[in-house]
Amino acid sequence: MEMQKQEGLLTDAEMESMTSVQASEVDDWANFKDNDIMQQQSAILAEEAEKIPFVGDKEPLSSLEAEYQSGSIILLEKIKVLSEQYASIRRTRGDGNCFFRSFMFAYLEHILNSQDRAEVDRITANVEECRKTLQSLGYADFTFEDFFALFLEQLESVLQGSEASISHDELVQRSRDQSVSDYVVMFFRFVTSGEIRKRSEFFEPFILGLTNATVEQFCKSSVEPMGEESDHVHITALSDALGVPIRVVYLDRSSCDNGVVSVNHHDFTPLTGDLPADAATVGGPEPINPFITLLYRPGHYDILYLK
Amino acid sequence: MTSSSAASRKALSKIACNRLQKELVEWQVSPPAGFKHKPTDNLQRWVIEVNGAPGTLYANETYQLQVDFPEHYPMEAPQVIFLHPAPLHPHIYSNGHICLDILYDSWSPAMTVSSICISILSMLSSSTVKQRPEDNDRYVKNCRNGRSPKETRWWFHDDKV
């Protein structure tokens with residue numbers, strides 16, 4: 001049994017993939033269901049995912065093209081359209097945290113490159129609001145304060161000129177270091193959950209469209225656990241809570257009626273200031289140019305870079 | 001079996017240690033109703049006394065939960081089992097393993113020992129029958145080599161009990 005040989009050497013992520021391998025140990029093969037096979041496939045996928053770092057190196061967009069060389073014509077056409085505007089892609093691990101991980105890296109990298117102190121002050125104030133939101137929702141401080149502290153520490157360190165300042169290389173290293181990267185991802189999960197619960201009336205219809213769960217159940221089962229994938233609801237909530245606009249570019253097989261290939265995108269534009277929650281649906285705030293652009297392919301987010 | 005799985009466990013990370021100290025203080029200030037932490041000098045293993053809620057099948061019964069914390073708590077879930085004898089319940093195996101999603105797939109760092117306890121008590125309280133899970137014997141036999149419940153592939157097919 002492989003299980004025992006490797007005991008003690010397994011990380012939790014590996015452990016997760018091991019649990020389904022156990023399906024093959026079940027002595028009663030009559031009970032081996034389709035579900036087991038699916039679980040095994042997902043275990044294989046999880047193993048594959050671990051070969052990719054949490055955050056990859058920047059690659060030219062042509063590497064995306066190479067991926068579909070023997071595949072869909074529509075996708076290749078769309079990548080050609082993308083390459084008119086975008087120069088490169090940075091991949092993230094497909095472990096269910098890819099949206100938050102992409103956002104983390106893209107945001108911190110933006111601050112590192114721009115040294116925009118006003119933006120850091122702005123987001124820091126919003127983070128403090130998020131802290132109050134969680135407190136008012138009844139979360140004990142000790143459950144989230146370490147995650148908040150770690151994010152603020154990263155934010156501080158990408159600003160140059162202090163002892164704690166880090167280089168771009170170090171930012172990449174930290175984003176690949178589980179003890180930093182996962183804590184920041186979890187920070188975003190807290191922020192997202194707090195925003196959804198705070199504005200539960202606004203989010204409820206969207207959540208009911210996704211699952212049959214209440215807002216509370218949704219946050220508990222689909223936002224707060226690590227590895228749960230993100231949907232429009234998560235992105236809207238995070239963008240609103242932190243006040244950071246996000247552009248998501250969609251790369252899928254859908255084609256337009258008129259035969260002209262174009263690539264769709266959606267801008268998540270945060271509510272500004274003290275606008276009431278429903279302001280987003282009537283008119284909405286002034287368009288803001290997002291400095292974070294993510295590429296969405298069904299089930300996965302990566303980071304895109306403009307030319 | 002539990003001692004062997006704990007022995008192979010790595011010491012708590014610094015951040016896990018800090019977090020647990022804070023959690024213990026909070027527990028001492030306001031413990032969840034029906035639970036009593038039995039003080040030891042081992043921060044990494046808590047033994048908690050559970051009192052069945054009045055008006056339920058487990059009223060006037062006392063059980064013990066053993067909570068073992070991994071190196072990277074709370075990013076990783078603690079291992080939670082009932083010490084012998086485990087309550088008779090359709091989701092609790094005779095070896096103390098508990099079939100409850102938040103202890104495995106649905107664990108989140110936003111949860112606490114206290115919130116786990118509340119979930120376990122609610123699971124006990126909503127039970128309408130005192131019996132073992134249908135596959136108890138096969139499962140317990142499969143665990144004889146000291147497997148942790150965290151290594152089990154759980155199916156959470158019933159959320160009513």
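Helix α5 (residues 73-85) of chain A lies across β2, β3 (246-250), β5 (292-297) and β6 (300-306) of chain A, and runs at about 110 degrees to β2(A). The model is predicted: local features need pLDDT of at least 70, side-chain atom pairs count only at pLDDT 80 or more, and totals for chains, interfaces and linings use all residues. Residues are numbered from 1 along each chain as its sequence is written, chains are lettered from A and ligands numbered from 1 in the order in which they are written, and side-chain values use heavy atoms, with hydrogens and water left out.

**Terms**

- Helices (H or I, at least four residues) and strands (E, at least two) are DSSP runs, numbered from the N terminus, and two strands pair if DSSP finds at least two bridges between them.
- Axes are lines fitted to C-alpha atoms, for helices over the stretch in contact, and angles run from 0 to 180 degrees between N-to-C directions; contact means heavy atoms within 4.5 Å.

**The sheet of chain A**

- Six strands form an open sheet with mixed pairing, in the order β1-β2-β6-β5-β3-β4 (chain A).
- Its edge strands are β1 (55-60) and β4 (265-268) of chain A, each of which pairs on one side only.
- On average, neighbouring strands of this sheet are turned by 30 degrees against each other, direction ignored.
- β1(A) and strand β2 (residues 86-92) of chain A run antiparallel and are joined by four bridges; Glu59(A) stands opposite Ile89(A) in β2(A).
- Helix α13 (residues 232-242) of chain A also packs on the sheet, where it touches β3, β4 and β6 of chain A, and its direction makes about 40 degrees with that of β4(A).

**The sheet of chain B**

- Four strands form an open sheet with antiparallel pairing, in the order β1-β2-β3-β4 (chain B).
- β1 (35-38) and β4 of chain B are at the edges with a single partner strand each, so one side of each is left without a neighbour in the sheet.
- Neighbouring strands of this sheet are turned by 25 degrees against each other on average, direction ignored.
- Strand β2 (residues 45-51) of chain B is joined to β3(B) by seven bridges, and the two run antiparallel; Val47(B) stands opposite Gln66(B) in β3(B).
- Four bridges pair β3(B) with strand β4 (residues 79-82) of chain B in the antiparallel sense; in β4(B), Val80(B) is the bridge partner of Val67(B), and Ile81(B) is that of Gln66(B).
- Strand β3 (residues 62-68) of chain B is largely enclosed by the rest of the structure, because five of its seven residues are buried (under 20% relative accessible area, with a 1.4 Å probe and protein chains only).
- α2(B) lies across β1 and β2 of chain B, at about 25 degrees to β2(B).

**Helix packing between the chains**

- Helix α8 (residues 141-158) of chain A packs with helix α2 (residues 14-29) of chain B at an angle of about 155 degrees, and their axes are 9 Å apart.
- That angle makes α8(A) roughly antiparallel to α2(B) (over 145 degrees).
- Phe142(A), Thr143(A), Glu145(A) and Asp146(A) in α8(A) meet Ile15(B), Arg19(B), Lys22(B), Glu23(B) and Glu26(B) in α2(B).

Technical notes. Buried < 20%, exposed > 50% of the residue type's maximum accessible area, 1.4 Å probe, protein only. Parallel < 35°, antiparallel > 145°, perpendicular 65-115°, else oblique.
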